[in-house]
Amino acid sequence: MELAPLVRAVEVLMSPLEWGSRDAWLDESLRRVRAACGAASPAGAVDALAELEALLHAVNFIVSLAVITAFAK
């Protein structure tokens, strides 16, 4: 996982009021989290909130695993 896309995703997630609407914030958050995870945008309609939540759980797992691995050395 690249650090720069992850930082860009966190910037959006931490600033919901700067996006003008909940939908704009959610769309941009999902776009940036997908980019950080290297995930493609699925074809067709998607439940953006459910997908964002699933991706964030995956990111949390990856980061936790990296920290555990780093401390094990």
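In which handedness of crossing does α1 pass α2? α1 passes α2 in a left-handed crossing, a term used if the near helix is turned anticlockwise from the far one by less than a right angle, with clockwise giving right-handed.

The model is predicted: local features need pLDDT of at least 70, side-chain atom pairs count only at pLDDT 80 or more, and totals for chains, interfaces and linings use all residues. Residues are numbered from 1 along each chain as its sequence is written, and side-chain values use heavy atoms, with hydrogens and water left out.

**Overall layout**

The protein chain has 3 helices and 0 strands, in the order α-α-α along the sequence. Helices (H or I, at least four residues) and strands (E, at least two) are DSSP runs, numbered from the N terminus. The C-alpha trace spans about 45 × 30 × 15 Å along its principal axes. Of the 73 residues in the protein chain, 26% are buried; buried means under 20% relative accessible area, exposed over 50%, and partly exposed in between, with a 1.4 Å probe and protein chains only. Among contacts between residues at least 6 apart in sequence, 33% join residues at least 24 apart, where contact means heavy atoms within 4.5 Å.

**Helix pairs**

Axes are lines fitted to C-alpha atoms, for helices over the stretch in contact, and angles run from 0 to 180 degrees between N-to-C directions.

| Pair | Axis angle | Axis separation |
|---|---|---|
| α1 and α2 | about 160° | 8 Å |
| α2 and α3 | roughly 35° | within 10 Å |

Helix α1 covers residues 3–13 and helix α2 residues 22–37, and the two pack at an angle of about 160°. That makes α1 roughly antiparallel to α2; angles under 35 degrees count as roughly parallel, over 145 as roughly antiparallel, 65 to 115 as roughly perpendicular and the rest as oblique. On the α1 side the contact involves Pro5, Leu6, Arg8, Ala9, Glu11, Val12 and Leu13, which meet Trp25, Glu28, Ser29, Arg32, Val33, Ala35 and Ala36 of α2. By class, the contact of α1 with α2 has 9 nonpolar, 1 polar and 4 charged residues. Ala, Val, Leu, Ile, Met, Phe, Trp, Tyr, Cys and Pro count as nonpolar, Asp, Glu, Lys and Arg as charged, and the others, Gly among them, as polar. Leaving out residues up to four places away in sequence, Ala9 touches Arg32, Val33 and Ala36.

α2 also passes α3 in a left-handed crossing. Here Arg22, Leu26, Ser29, Leu30, Val33, Arg34 and Cys37 in α2 meet Ala48, Leu49, Glu51, Leu52, Leu55, Leu56 and Val59 in α3. The residues of this contact divide into 10 nonpolar, 1 polar and 3 charged.

**Core**

The largest nonpolar core has 12 residues in all: Leu6, Ala9, Val12, Trp25, Leu26, Leu30, Val33, Ala36, Ala48, Leu52, Leu55 and Val59. Such a core is a set of buried Ala, Val, Leu, Ile, Met, Phe, Trp, Tyr and Cys residues joined through side-chain atoms within 4.5 Å. α1, α2 and α3 (48–72) each supply at least two residues of this core, and α2 gives the most, with 5 residues.

**Two partly exposed residues**

Pro16 lies in the loop between α1 and α2 and counts as partly exposed because its relative accessibility is 38%. Pro16 and Glu28 are 12 residues apart in sequence, and their C-alpha atoms are 9.9 Å apart. Cys37 is in helix α2; at 27% relative accessibility, Cys37 is likewise partly exposed.
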